[in-house]
Amino acid sequence: MMKQTIQIFARVKPPERKQQQGIYSIDEDEKSAPSLEILLPRDLADGFVNNKRESYKFKFQRIFDQDAKQDIIFEIIAKPVAQSVLAGYNGTIFAYGQTGSGKTFTITGGAERYSDRGIIPRTLSYIFEQLQKDSSKIYTTHISYLEIYNECGYDLLDPRHEASKLEDLPKVTILEDPDQHIHLKNLSLHQATTEEEALNLLFLGDTNRMIAETPMNQASTRSHCIFTVHLTSKEPGSATLRRAKLHLVDLAGSERVAKTGVGGLLLTEAKYINLSLHYLEQVIIALSEKRRTHIPYRNSVMTSVLRDSLGGNCVTTMIATLSLEKRNIDESISTCRFAQRVALIKNEAVLNEEIDPKLMITRLQKEITDLKAELAMATGEWRTEALTEEELHQLEKLIASFLEDQDPESRLEVGADMRKIHHCFHHFKKLLNDKDMKNTVPSETTHQACQEPFKDEEHTKLRDLLKQRDNEINILVNMLKKEKKKTQDALLLSNTEKSDARLPQNSPFIPGSPAVQSTSVSSAPSQAQDLSICRHRSSLLHRKTGMREEMSLGRQEAFEIFKRDHADSVTIDDNRQILKQRFSEAKALGESINQTRSKIGQLKDAITQRHLQQVALGISENMVTPSIPDLQEEKLRSQLEEEKTRYKTTFMRLKALKVEIEHLQLLMDKAKVKLQKEFEVWWAEEATNLQVNSPATNPQEHLKPVPQQDQPQLLLKKSSQGPEARDGVSSLDICISERPMSSIPLTGDSQTDSDILAFIKARQNVLQKKCLGSN
């Protein structure tokens, strides 16, 4: 049992541009816990009589300043919790703070660089790495991803998430058993055997999350998300199971509606977020007070799910994310106060061990069978049905083991079933009859078999001499075969090099080359499987976002302009360049592996040739092979070991590079999905504006070409600041204004083309009015 309080950590977010930084200091004293002091200088506008506090001081287990990296966060915060989960204890890590303070970046990570991976992907990588190292147990891993949106639970891994509306999906409901254990209905568990499968599930759940743009954060998560790893371990032959679960919680950020000024759906979401966080604070306050007998867990879905994590059977860690800008000082102080209350809660983590249910069922079934047999013997009601084939086979195995046992006190346990007892007697009788039949064999055969021919000394010498000559002949024949095989291999190698020159140059391994180590043998199917997984992931992304490979010319042009002005285009280009570099590095490592492999094969052939030469020399000169090791052979063997070590090191580097390449591909796919979704939203908005603002004229009139002299010629400069341009004019409007009406690409559908031309004409009129008004 582990008794400890909830560990609290603080992380300070770097300030945004054009925002005034607050005043704070971090005191890391070796004798006491680190402390964070926030200073609030007095404002003269409040008057000379001002009793407000000027400083607030809070203590944490560790405080991470603005320059803290993601790997340090994982090593200090998440790694100890992951180790306790591998040992069989429950664990929870949750981030708390106001909106835009960096909770999602800390838990999930950023999508721009590989080094920005958060706690979840790094924890998955560490867990599966430890599972591969530990071969003494059998592990089973399952993943679940729960979203709590407006106090309703949804399964983020539900395959119907993209095809249906959120209201039509089945809601996750909470069930409680008599032991007050929580069970979640309609929440699916997906088995993950490798790190790649777990990361794919994480990526799938992140694409289904509710994200919206608010005045405080451009990509604000509007729901609480709980990513859970269920781990089961069992030693071979043992009846004890260990079950542990790890909750990685990304809470939605609290916000003050009076400060943000949101409305509509964002206002409704903010109400539910603040309400659930209020219920969480009520639970924390009740747990910190010793005399409280009732804890209001059932007030919200989130506190019900996290019942064990708060004051229960769990190792819990909290990360307080702080945005110490001057406008957010009050919210940061509130977050620190919440963390101080959380630090007062004590958890008692217990090792989660239980008896294997399958083994218990087998024992109970055997006990039922024995009780039925005893009952039949006691009542005298014998069973009349015949024994099954499996029961007969089991009896014969028991009889055979009983007869082979040399212990005179051994017993044959067949139970109280008279059918089995009768069968054992019949089997013993059959074995006895078979033994008597064997004993009636004539004694003459036995006498002849026992006689051995007389061997004199001359016969022995001749046989030894013949054996020696046979060995010499076999060695010489093998040498001739070896020379013949070398000639054939030289011809085959020349043909193989010609055929290999036609293979793709980007493959790091040459098919047909001999495998030197088991890792190279197993890498071929694993790489083929990785390629199929990547293709499946790409097809899944196309299917999820509804991307069409074939678009009309006008829509393609609009998409290219939108993509060029989008802020994520630079990130996609950077990741593409990094991916090209990693592919070139992988190609170079593959060529180095192939060269090392061929060199290992040459060294092996040289050692074999040297050994055969030594044996042939000893046979031709009638000399015994010297026991002293050959120096040249020892040198070849040392070179062979060096090449093997180099091969293993290069292969491990190639394997690590493959993981980084896959992660970069995931980041690029995610950015492309985001870009396509935003384009679809923008396109739908423009189509709506067209339907509202287009004049009610005959569609056929729009299909007529407009004279060149009637088109407005607007001289506007393009803006490089993204989709928003100067004076409210977008880059797409500039493209429309400068393009002749006769060169607009049409789709072929009269109704669609008329709408497109009417939309472009309306946009040109608006631009002309704007330019006239500005002049």
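The legends below describe close-up views of one predicted model. Because the model is predicted, local features need pLDDT of at least 70 and side-chain atom pairs count only at pLDDT 80 or more, while totals for chains, interfaces and linings use all residues. Residues are numbered from 1 along each chain as its sequence is written, and side-chain values use heavy atoms, with hydrogens and water left out.

View 1. Helices (H or I, at least four residues) and strands (E, at least two) are DSSP runs, numbered from the N terminus. N90 has a relative accessible area of 7% and is therefore buried (under 20% relative accessible area, with exposed over 50% and partly exposed in between; 1.4 Å probe, protein chains only). Its side chain reaches the backbone nitrogen of K245 at 3.2 Å, and a polar contact of 3.0 Å joins the side chains of N90 and N352 (a pair of N or O atoms within 3.5 Å, of which, within protein, one must be able to donate a hydrogen and the other to accept it; residues adjacent in sequence count only if both atoms are side-chain atoms). Beyond its neighbours within four places in sequence, the residues in contact with N90 (heavy atoms within 4.5 Å) include R243, A244, N313 and C314.

View 2. Rings of Phe, Tyr and Trp (its six-membered ring) pair if their centres lie within 6.5 Å, and planes under 30 degrees apart count as stacked, over 60 as edge-to-face and the rest as tilted. The rings of Y145 and F227 have centres 5.1 Å apart and planes at 90°, so this pair is edge-to-face. The pair links distant parts of the chain, with Y145 in strand β8 (residues 138–149) and F227 in strand β15 (residues 224–234), 82 residues apart, and both residues are buried. Y647 and F651 form a stacked pair, 6.4 Å centre to centre with 15° between the planes. These two are about one helical turn apart because they lie four residues from each other in helix α17 (residues 631–693). Y647 counts as buried at 1% relative accessibility, as does F651 at 11%.

**View 3. The largest cavity, with a volume of about 200 Å³.** A cavity is a set of points, on a 1 Å grid over the protein atoms alone, where a 1.4 Å probe fits but cannot get out; grid points are joined across faces, edges and corners, and a volume is the space filled by probe spheres set on the points. Of the 14 residues that line the largest cavity (an atom within 4 Å of a point), the closest to its centre are L202, D206, H663, L667 and K670. The elements giving two or more residues to this lining are α4 (195–207) and α17.

Definitions and conventions
On a 1 Å grid over the protein atoms alone, a cavity is a set of points where a 1.4 Å probe fits but cannot get out, and a pocket is an open set with protein on both sides within 12 Å along at least five of seven lines; lining residues have an atom within 4 Å of a point.
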